[in-house]
Amino acid sequence: MNLLFLCSQNKRRSLTAEKIFDGYMGHKARSAGTEQNARIKVTPGLLGWADVIFCMEKKHAQRIKEKYADIIANKKLVCLYIHDDYAYMDRELQELLKSCVDEYFKEE
């Protein structure tokens, strides 16, 4: 499964998630940001590639719903509700991400 993680800048939360989940249980992971000045900006190609899109906050989900509604229409979109309170690869952020994403896979 292809997993796409989105946050604002693609410098801390989504980049940490990509690092953790790329190769996890055979999944492929990528990350991007929703802001203009993001390290890697979300594109139609990345959204098309993804089977599941994990957004860190509700605002990220809203942005891609507004701009890319046609591309994500049949995609699974999950909001993790993880605020921008962590540094890249912060141990607490890693544990939170693992807990949230593992819960999603248990539901499948």
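Student: Why is F5 called buried?
Tutor: F5 has a relative accessibility of 0%. Buried means under 20% relative accessible area, exposed means over 50%, and partly exposed lies in between (1.4 Å probe, protein chains only). With 0% set against that limit, F5 counts as buried. Two notes before we go on. This is a predicted model, where local features need pLDDT of at least 70 and side-chain atom pairs count only at pLDDT 80 or more, while totals for chains, interfaces and linings use all residues. Residues are numbered from 1 along each chain as its sequence is written, and side-chain values use heavy atoms, leaving out hydrogens and water.

Student: What makes F21 buried?
Tutor: Its relative accessible area is 1%, so F21 falls in the buried class too.

Student: How many aromatic pairs are there?
Tutor: Rings of Phe, Tyr and Trp (its six-membered ring) pair if their centres lie within 6.5 Å; planes under 30 degrees apart count as stacked, over 60 as edge-to-face and the rest as tilted. That rule gives 4 aromatic pairs.

Student: Why is the pair of F5 and F21 called stacked?
Tutor: Their ring centres are 5.5 Å apart and their planes meet at 20 degrees, so this pair is stacked. The pair joins distant parts of the chain, 16 residues apart: F5 lies in strand β1 (residues 2–7) and F21 in helix α1 (residues 13–21). Helices (H or I, at least four residues) and strands (E, at least two) are DSSP runs, numbered from the N terminus.

Student: And what makes F5 and F54 a stacked pair?
Tutor: Here the centres are 5.0 Å apart and the planes are at 10 degrees, so the pair counts as stacked. F54 sits in strand β3 (residues 52–55), 49 residues from F5 in β1. Both F5 and F54 are buried.

Student: Which residues do the ring pairs link into a cluster?
Tutor: F5, F21, Y24, F54 and Y104.

Student: Why is α1 called largely enclosed by the rest of the structure?
Tutor: Because 7 of its 9 residues are buried. Among them are L15, I20 and F21.

Student: What sits over the ring of W49?
Tutor: The charged end of R30, 4.3 Å from the ring centre. The rule asks for NZ of Lys or CZ of Arg within 6 Å of the ring centre and within 35 degrees of the ring normal.

Student: Is K67 buried or exposed, and why?
Tutor: K67 has 54% relative accessibility, so it counts as exposed. K67 is in helix α3 (residues 58–72), and its C-alpha atom is 17 Å from that of F5.
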